Amino acid sequence: MTLEPLLRRLDRIAGGRHADLEVPVEMLEHRKTKRAFTWITWLLAVEVLLGFAAVIVAVVIALNQGQVPFAVWMRSVVVLGMTVTLFYFSWRASRGWYWAYQRLRLFAQIFPIITLVMAAIPNLYPAWMVTEQIIFSLIMIGVADILIGDHMRTAFRRPDRPQARDAATA
């Protein structure tokens, strides 16, 4: 039994009008594209571990009769969920779905800004969580940097737009 029909339904929700657009196979199989997704996978894996660590730290503090603010619980759970979602986008993008690359690139550029602004609000989070947010943001900036590189922008140019011949072979 294949999950692809179910995943395509999910893609239609997440991808909207671009859900059926695929990038050219030759660009998807290019060594730079494969290398980029390898790095993105590792960086997102670190993000997931960081997210789990934040939840575990909050649980340990709560179990030891420490006070854990609601903002810490919300941020821990929401960021962990977002990071898992980014993994889905990355996986679908690595399979050639244009919409997934677009979503991954958008969120990788927006999340660090939001996270750093939230970390800068005095007394919203304890120091350990502010540190976690800064690390999270730096890693996410790395993901965004890979995604906005010349090769990836060329590989994931909207399929209904012509590819630049010289950039595609670089």
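This is a predicted model: local features need pLDDT of at least 70, side-chain atom pairs count only at pLDDT 80 or more; totals for chains, interfaces and linings use all residues.
Residues are numbered from 1 along each chain as its sequence is written, and side-chain values use heavy atoms, with hydrogens and water left out.

The protein contains 8 helices and 0 strands, where helices (H or I, at least four residues) and strands (E, at least two) are DSSP runs numbered from the N terminus. Of its 170 residues, 38% are buried, that is, under 20% relative accessible area with a 1.4 Å probe and protein chains only. Among contacts (heavy atoms within 4.5 Å) with a separation of 6 or more, 75% link residues 24 or more positions apart. The protein exposes about 9,800 Å², of which carbon and sulfur atoms supply 67%; accessible areas come from the Shrake-Rupley method with a 1.4 Å probe.

Helix α4 comprises 25 residues, 70–94, and spans 36 Å from its first C-alpha to its last, close to the 36 Å expected at 1.5 Å a residue; the expected span is 1.5 Å times one less than the number of residues. Buried residues in α4 include V72, R75, S76, V79 and L80. Just after α4, G96 adopts a positive phi of about 105 degrees.

Q133 belongs to helix α6, residues 127–147, and is buried, with a relative accessible area of 1%. Apart from neighbours within four places in sequence, Q133 is in contact with R75, T115, M118, A119 and Y125.

Key
Buried means under 20% relative accessible area, exposed over 50%, partly exposed in between (1.4 Å probe, protein chains only).
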